[in-house]
Amino acid sequence: MIEIIKANIETLEELEYILNKLTPESYQQIGPFADYSIGRHLRHVVGFYLALQTGETSGVADYTVRQRDNVIETDLDKAKAQIIELKDWLQAQKTDKNIEVVTEIQQSQTVNLKVSSSMARELAYVSEHCVHHMAYIGLMLKTMDIELEKCVGIAPSTGTHLRQQQAQA
């Protein structure tokens, strides 16, 4: 299996690990830093994966028209099922396909940018985006006194750096 596919599956498995530590109530609990729940973070991440999935089929991944599925945001079991579906989809992917990407680039007004990309590049992007949100989720879990046995939400390059430091100690 191609490394970027493995990396995405590993990232989604980390997300599954987190979800398996939650109750339906903790999944929907609003965090202290913003008016967002873990479910909202997950729904947001899934929306990017689904936009890429659509782009793989249509040739255009439009991140501006992501699915904002409130069921995934509020239903822990549906969220878990969606992660399994995404992992299954990933296993069938070819990363050498070129696609177009549409993304919004300004905060003050609606300005979209369409650029050429590839499935490999976009898979790297959605994985990094997922890790970024898992870091937020990790902070939220600490405020809920939910312990994780392993560290999640760490960028791969940060993981490499930490392993190198540990080896030198």
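Leaving out neighbours within four places in sequence, H129 is in contact with H44, V45 and F48, where contact means heavy atoms within 4.5 Å. Colleagues, before I continue, a word on the source: this is a predicted model, in which local features need pLDDT of at least 70 and side-chain atom pairs count only at pLDDT 80 or more, while totals for chains, interfaces and linings use all residues. Residues are numbered from 1 along each chain as its sequence is written, and side-chain values use heavy atoms, with hydrogens and water left out.

H129 is placed in helix α6. Helices (H or I, at least four residues) and strands (E, at least two) are DSSP runs, numbered from the N terminus. Is H129 buried or exposed? It counts as buried, because its relative accessibility is 11%. Buried here means under 20% relative accessible area, exposed means over 50%, and partly exposed lies in between, with a 1.4 Å probe and protein chains only.

Helix α6 spans residues 119-143 and also holds L139. L139 is partly exposed, with a relative accessible area of 43%. Together with F33 and Y136, L139 makes a nonpolar surface patch of about 330 Å². Such patches are made of residues with over 30% relative accessible area and no salt bridge; nonpolar side chains (Val, Leu, Ile, Met, Phe, Trp, Tyr) are joined within 5 Å, and like charges within 9 Å. A salt bridge is a side-chain nitrogen of Lys or Arg within 4 Å of a carboxyl oxygen of Asp or Glu.

I turn now to helix α1. Among the buried residues are I5, N8, E14 and Y17. Which elements cover them? The cover includes α2 (24-28), α3 (38-58), α5 (76-91) and α6.

Setting aside neighbours within four places in sequence, Q93 is in contact with I5, E56 and M119. Q93 counts as buried, at 11% relative accessibility. Its side chain reaches the backbone oxygen of W89 at 3.1 Å.

Finally, D145 is placed in the loop between α6 and α7 (156-168). Its phi is near 60°, a positive value in a residue other than glycine. D145 counts as exposed, at 66% relative accessibility.

Notes: Accessible areas come from the Shrake-Rupley method with a 1.4 Å probe; for residues, only the protein chains shown count as cover. A polar contact is a pair of N or O atoms within 3.5 Å; within protein, one must be able to donate a hydrogen and the other to accept it, and residues adjacent in sequence count only if both atoms are side-chain atoms.
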